[in-house]
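User: I would like to go through this model and ask, for each label, what it rests on. Please set the values against the definitions as we go.

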Amino acid sequence: MYPMLVLLGLAALLGASEGRTDCYGSVNGIKTSGASCATAKPEGLSYCGYRASEKIAERDLKAMDRYKTIIKRVGEKLCVEPALIAGIISRESHAGKVLQNGWGDNGNGFGLMQVDKRFHKPEGSWNSETHITQGTNILITMIKTIQGKFPRWTKDQQLKGGVSAYNAGAGNVQSYDKMDIGTTHNDYSNDVVARAQYYKKHGY
């Protein structure tokens, strides 16, 4: 009887560590102001902020759900919240809706996560698990760079800094409160995190 309990206990422990997605922090622990008016206005919204991010994420949900299985698989494989990956995909490509043959950003950005061909060699097809793995690994590299640069920040703060760096590079992140200055529309991490919080509520 006793060895069986030990085995069950071990199985429970292994199960708990398997499929973890919080190695770098969690989006729900991050305060965010959401989308700037510069991001919201082109979307046809008359309001900005958190509500705008939620509305944009909601519009992308149907397209995002096509990739939900692979987003979750990559998140579990690399220990990053799938909701965060979805937030980046929404911001970068509206879940692929704005891409031309898988390309955006004047032909420089590749795939759902808009891997920049000027800095990286794109891998896989534009909407594949290989591509999402590459994009997420680039994000992880940025988070780790921010961890080294700001070791006193909390895990969640470092995660947000890594998201900002995914857009504008780690060198652009100078302080926590102003990390988005210099990113596209000066709101990148705040918008992505708000969208990610929406996707977290919808099973990502």
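User: Why are strand 1 and strand 3 called edge strands?

Analyst: The three strands form an open sheet in the order 1-2-3, with antiparallel pairing. Strand 1 (103-104) and strand 3 (115-116) each pair on one side only, and they are the edge strands.

User: Before we go on, what do the numbering and the values rest on?

Analyst: Residues are numbered from 1 along each chain as its sequence is written, and side-chain values use heavy atoms, with hydrogens and water left out. Since the model is predicted, local features need pLDDT of at least 70 and side-chain atom pairs count only at pLDDT 80 or more, whereas totals for chains, interfaces and linings use all residues.

User: What makes the protein chain as compact as a globular protein of its length?

Analyst: The chain has eight helices and three strands, in the pattern α-α-α-α-α-β-β-β-α-α-α along the sequence. Its radius of gyration is 18 Å, close to the 17 Å that the globule rule gives for 204 residues, so the chain is as compact as a globular protein of that length. The radius is taken over C-alpha atoms, and the rule is 2.2 Å times the number of residues to the power 0.38. Along its principal axes, the C-alpha trace spans about 65 × 40 × 35 Å.

User: Why is A57 called buried?

Analyst: Buried means under 20% relative accessible area, exposed means over 50%, and partly exposed lies in between (1.4 Å probe, protein chains only). A57 has a relative accessible area of 0%, so A57 is buried. This residue sits in helix 3 (residues 50-65) and, leaving aside its neighbours within four places in sequence, is in contact (heavy atoms within 4.5 Å) with S90, R195, Y198 and Y199.

User: What makes N101 and Q114 worth a remark, and is each buried or exposed?

Analyst: Most residues other than glycine have a negative phi. N101, however, has a phi near 50 degrees, a positive value in a residue other than glycine, and Q114 has a positive phi of about 50 degrees although it is not a glycine. N101 is in the loop between helix 5 (82-93) and strand 1 and has a relative accessible area of 75%, so N101 is exposed. Q114 is in the loop between strand 2 and strand 3 and has a relative accessible area of 12%, so Q114 is buried.

How values were computed:
Helices (H or I, at least four residues) and strands (E, at least two) are DSSP runs, numbered from the N terminus. Two strands pair if DSSP finds at least two bridges between them.
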